[in-house]
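Trainee: I am new to this structure. Please show me how to read it, feature by feature.

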Amino acid sequence: LKMLGRLFVPLSRRPCCQAARAFAFRVPEDKLIKKVSGARGPGGQSVNRSKTHVQIFFNVHEADWLSDDMKNELFQMHGHRINKQGVFQVACQETSSQTSNLDIAVRKLQELIDEAESEMLRRKHKEENWKDPIQHIIEKKIKQGRGDEIKRREEAIKKSKMMNKIRKGNF
């Protein structure tokens with residue numbers, strides 16, 4: 001939630017988060033756990049008094065909004081961000097505002113998920129379009145009008161197999 005004046009507006013209804021994405025997996029913000037703490041680094045006393053460091057978490061195993069393939073992809077690509085219990089974590093302390101750090105953290109999380117999803121889709125597309133190299137050569141020769149070459153080659157292979165059987169006495 002972001003505070004605009006005195007109204008709280010969900011992150012998903014803000015203009016910065018309404019950019020249309022081609023990706024299917026969007027981060028449901030009600031499923032995220034938010035933790036705030038004091039930021040580190042320069043800034044004087046205000047750093048000690050304000051809690052602007054934001055961490056957001058979600059358990060990958062319990063994320064019903066992610067497919068099993070997507071969960072596996074997250075573990076493969078972003079395993080360093082996932083602890084032993086399966087909790088995915090993103091932190092931000094870039095600005096001196098808690099709400100803008102929360103926005104940035106949610107945006108980072110969405111970008112990481114989008115990255116994993118695009119990699120998963122790329123891999124699936126590659127697997128679906130993969131052809132057996134021999135089948136590819138056969139299709140290529142048929143397209144080139146060299147189908148008779150393939151038939152002759154098949155007959156030669158059958159003949160050599162038969163000759164091997166005769167030589168070994170297994171006919």
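Mentor: We will go through the sheet, the helices and the salt bridges in turn. This is a predicted model, so local features need pLDDT of at least 70, side-chain atom pairs count only at pLDDT 80 or more, and totals for chains, interfaces and linings use all residues. Residues are numbered from 1 along each chain as its sequence is written, and side-chain values use heavy atoms, with hydrogens and water left out.

Trainee: Which strands form the open sheet, and in what order?

Mentor: First, the terms. Strands (E, at least two residues) and helices (H or I, at least four) are DSSP runs, numbered from the N terminus. Two strands pair if DSSP finds at least two bridges between them. Here three strands form an open sheet in the order β3-β4-β5, with antiparallel pairing. β3 (33–37) and β5 are the edge strands, each pairing on one side only. From one strand to the next, the twist averages 20 degrees. Axes here are lines fitted to C-alpha atoms, for helices over the stretch in contact; angles run from 0 to 180 degrees between N-to-C directions.

Trainee: How many bridges join β4 to β5?

Mentor: Six bridges join β4 (residues 53–59) to β5. N59 has V87 as its bridge partner in β5. F58 stands opposite F88 of β5.

Trainee: Which helix lies across β3, β4 and β5?

Mentor: That is helix α3, residues 98–128. α3 runs at about 135 degrees to β5.

Trainee: Which residues of α2 are buried? Why do they line one face of the helix?

Mentor: An α-helix has 3.6 residues a turn, so residues three or four places apart point the same way. In α2 (residues 68–77), M70, K71, E73 and L74 are buried. Seen down the axis of α2, these residues fall within an arc of 160 degrees, so they line one face. The arc is that of the directions from the helix axis to the C-beta atoms. The buried residues of α2 pack against β4, β5 and α3, where contact means heavy atoms within 4.5 Å. The face turned away from the buried side carries the exposed residues D68 and Q76.

Trainee: How many salt bridges does the structure hold?

Mentor: Side chains of opposite charge can pair when their charged atoms come close. A salt bridge is a side-chain nitrogen of Lys or Arg within 4 Å of a carboxyl oxygen of Asp or Glu. The structure holds eight. One of them joins K108 to E94, with the closest N and O atoms 3.2 Å apart. K108 lies in helix α3 and E94 in the loop between β5 and α3, so the pair ties together parts 14 residues apart in sequence. K108 is partly exposed at 27% relative accessibility, while E94 is exposed at 54%.

Trainee: Where do R123 and E119 lie?

Mentor: Both lie in helix α3, four residues apart, which puts about one helical turn between them. R123 is partly exposed at 29%.

Trainee: What does K141 meet in a salt bridge?

Mentor: K141 meets E149, at 3.4 Å from N to O. K141 is partly exposed at 24%, and E149 is partly exposed at 29%. Elsewhere, salt bridges that share partners join E73, E119, R122 and R123 into one network.

Notes: Buried < 20%, exposed > 50% of the residue type's maximum accessible area, 1.4 Å probe, protein only.
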